[in-house]
Amino acid sequence: MRLGKITQAAWNRSVRKPLKKKQCTVGKMAWEQKCAELEQQIQKTEQSQKTEQDQKIETGRMTVWSTASAGGKNANVGAYAVIKAAGELASQKVMAEGVSIHAILPEQMQEEDVKHLTDTVGELCKKMNLEICQIQVETSSFVTQMVVTATAVGEKKSTAIREQEMTVAGQELLLCGYAGLEGTLRILDESEEELGTRFVPAFLEKAKLLREKLVLPDQILSVKEQVSDIRQIGSGGILAALWELGEELQTGFDLDFSKIALKQETVEICEFYQLNPYLMTSAGSFLLVTGQSEEVIACLAEQGVSAVRLGCMKDQNARVIKNGEETRYLDRPAADELARWWKEHA
């Protein structure tokens, strides 16, 4: 493909046409105009719903953004960027309403790769009821693999009273989804042929179906009223997410390491490449802090989502991890294993 933005003809063939077939909403307006439109909708809603009680407590809504990137040679990376960006908004208890996508491709990629990117992103956004406000695609000599950046936007309620003044000590810590799953799927996308030298086709096909186990924003937000904190598991895996959660809440915890949910396909693919799944990115999986664990687990089960108890938040500095008779303390975050895999297999 030529350097710079793809031609209008290529954009129409490989972006607009596939999205139209999927009946995806594609805004013609610029990203800034979409945000202005959201602000106008918010103002109209506030004016129509204003009551005497609202006047006693200052309330309003603000537009919030979250940006995430994913890179790789397989065009599925666009979907992972969208999942991560929308998931970060969900961690703020915000539902993403629109997304803007910017893809930078190396010169050797073809228009077919653009169509694959559009197909996967379009299918996901339709499933998530997420408006695609804008898609920009260009090629550059500065990149050696596809890099997709997704910016998700949504509305957040703001009040004069801080939402998080309570202590979380004594509440339970849940894992929603599976550790290392995103990283596993991305390795499978990039290295299916090599994995085929070790695993039978039936195993790899079963592993691909695990994409359905990634937790989507509407599923996690079904329990937003029953949880004190939500954290998506990103770079550095579940161990990094646990550390960041403790730092943010300024608390410690006791958890049972053996309770961390892993898919067998993740275990075997990580063993093949000698990777640690607990240190591997897993956007689409979340940590939850709640005082209503039974209700949350049941509600998530109704959404088709698996959640398990890991342990309990404590009013202490120590972040204790128990594994059988062994007890240790959580280390500071290490480098992400997917990034290490890329460095060794690029």
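Analyst: A contact here means heavy atoms within 4.5 Å. The model is a predicted one.

User: Among contacts between residues at least 6 apart in sequence, what percentage join residues at least 24 apart?

Analyst: The count takes in contacts in the chain between residues at least 6 apart in sequence. Of these, the share that joins residues at least 24 apart is 87%.

User: How many helices and strands are there in the chain, and what part of the residues is buried?

Analyst: The chain has 12 helices and 12 strands. Buried means under 20% relative accessible area. Of the 346 residues, the buried part is 50%.

User: Why is the pair of tyrosine 273 and tryptophan 341 given the class it has?

Analyst: Ring centres within 6.5 Å make a pair, and planes over 60 degrees apart count as edge-to-face. The count comes to six aromatic pairs. For tyrosine 273 and tryptophan 341 the centres are 5.6 Å apart and the planes are at 80°, so the pair is edge-to-face.

User: Which helices does this pair link?

Analyst: Tyrosine 273 and tryptophan 341 are 68 residues apart, and their pair links distant parts of the chain. Tyrosine 273 is in helix α10 (residues 264-273) and tryptophan 341 is in helix α12 (residues 337-345). The helices are α10 and α12.

User: Are tyrosine 273 and tryptophan 341 buried or exposed?

Analyst: The cut-off for buried is under 20% relative accessible area. Tyrosine 273 has 8% relative accessibility, and tryptophan 341 has a relative accessible area of 3%. Tyrosine 273 therefore counts as buried, and tryptophan 341 is also buried.

User: Which residues do ring pairs link into a cluster?

Analyst: Tyr273 and Trp341 belong to a cluster linked by ring pairs. Its members are Phe199, Phe203, Phe272, Tyr273, Trp341 and Trp342.

User: Which ring does the charged end of arginine 319 sit over?

Analyst: The charged end of arginine 319 is 4.8 Å from the centre of the ring. That ring belongs to tryptophan 243.

User: Which helix gives the most to the lining of the second largest pocket?

Analyst: The volume of the second largest pocket is about 420 Å³. Its lining has 15 residues, and those closest to the centre are Ala79, Glu123, Leu124, Arg211 and Glu212. Helices α4 (77-91) and α5 (111-127) each supply at least two lining residues. With five residues, the one that gives the most is α5.

Definitions and conventions: Residues numbered from 1 in each chain as written. Predicted model: local features only at pLDDT ≥ 70, side-chain atom pairs only at ≥ 80, totals over all residues. Heavy atoms only, no water. Helix = DSSP H or I, 4+ residues; strand = E, 2+ residues; numbered from the N terminus. Buried < 20%, exposed > 50% of the residue type's maximum accessible area, 1.4 Å probe, protein only. Phe/Tyr/Trp six-rings, centres within 6.5 Å; stacked < 30°, edge-to-face > 60°. Lys NZ or Arg CZ within 6 Å of the ring centre and 35° of its normal. 1 Å grid on protein atoms, 1.4 Å probe; cavity = no way out; pocket = protein on both sides within 12 Å on 5 of 7 lines; lining within 4 Å. Points joined across faces, edges and corners; volume = space filled by probe spheres on them.
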